[in-house]
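Here are my notes on the model, written as numbered points to be read beside the coordinates. Please keep the structure open while going through them.

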Amino acid sequence: MRVLVAAASKHGSTAEIAAHIATALRGGLPSGSVVDVAAAAEVTDATSYDALVLGSAVYMGRWLEEARSAAERITSNPPRSVWLFSSGPIGDPPKPAGAPAEVSGIVASVHARDHRVFAGRLDRHRLGLAEKAMVMALHVAVGDFRNWSEIDAWAGEIAAELRQPVAG
């Protein structure tokens, strides 16, 4: 079993989620399984993998270009199993609620089995000047809102599905 976990991350939070998912998958898949982690920009061909977990940070309601491009590159020949995740809502409760508008099209184009939205992290120290100004102007909540138990549970669902025999 070969799995690729890839993400587009602007300030590192989404990359940390991808690494966490990869670690959970390694623990949940049969021994001998390989789980690689890559930046979404590096995903040019996923045909050597049995499964792909692709995620993106969400800014201004959209996936980052690197993740949209990665999804587009694999559209014609996706791995057998694809899962997608978005990271970005912040606050308690996380806002904005719901998936980015374009994700439903990406789900359809890569035949994704699931798409999950995870809360993100906003660290003012990692922001550029324009981003800091926007955060202050909009009174955006600052902090780490990621729910690692929720992320672990989803990775566990993926591992359980991958352990199932292929029908056919």
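The points below take up confidence, aromatic contacts, charges over rings and salt bridges, in that order.

1. The mean pLDDT of the protein is 88, with 90% of its residues at 70 or more. Among the elements, strand 2 (residues 34-39) has the highest mean pLDDT, at 98, whereas helix 4 (residues 129-138) has the lowest, at 64. Where pLDDT is low, the predicted coordinates should not be read in detail.

2. Phe118 counts as buried because its relative accessibility is 1%, and Trp154 counts as buried because its relative accessibility is 0%. Taken together, ring pairs join Phe85, Phe118 and Trp154 into a cluster.

3. Arg2 lies over the face of Tyr49, at 4.5 Å from the ring centre, and Lys10 lies over the face of Tyr59, at 4.8 Å from the ring centre.

4. Side chains of opposite charge can pair when their charged atoms come close. The count of salt bridges in this model comes to nine, and among them is the one between Arg113 and Glu161, with an N to O distance of 2.3 Å. Arg113 sits in the loop between helix 3 (103-110) and strand 6, while Glu161 sits in helix 5, 48 residues apart, and the pair therefore links distant parts of the chain. Arg113 counts as partly exposed because its relative accessibility is 41%, and Glu161 counts as partly exposed because its relative accessibility is 34%.6. A further salt bridge joins the side chains of Arg116 and Glu157, at 2.8 Å from N to O. This pair links distant parts of the chain as well, with Arg116 in strand 6 and Glu157 in helix 5, 41 residues apart. Arg116 is partly exposed, with a relative accessible area of 25%, and Glu157 counts as partly exposed at 42% relative accessibility.

5. Is each partner of the salt bridge between Asp144 and Arg146, which meet at 2.7 Å from N to O, buried or partly exposed? Asp144 is partly exposed because its relative accessible area is 42%, whereas Arg146 counts as buried because its relative accessibility is 10%, which is under the 20% cut-off. Salt bridges that share partners join Asp144 and Arg146 with Glu16 and Arg121 into one network.

Technical notes:
Residues are numbered from 1 along each chain as its sequence is written. This is a predicted model: local features need pLDDT of at least 70, side-chain atom pairs count only at pLDDT 80 or more; totals for chains, interfaces and linings use all residues. Side-chain values use heavy atoms; hydrogens and water are left out. pLDDT is the predictor's confidence in each residue, from 0 to 100. Helices (H or I, at least four residues) and strands (E, at least two) are DSSP runs, numbered from the N terminus. Buried means under 20% relative accessible area, exposed over 50%, partly exposed in between (1.4 Å probe, protein chains only). Rings of Phe, Tyr and Trp (its six-membered ring) pair if their centres lie within 6.5 Å; planes under 30 degrees apart count as stacked, over 60 as edge-to-face and the rest as tilted. A charge sits over a ring if NZ of Lys or CZ of Arg is within 6 Å of the ring centre and within 35 degrees of the ring normal. A salt bridge is a side-chain nitrogen of Lys or Arg within 4 Å of a carboxyl oxygen of Asp or Glu.
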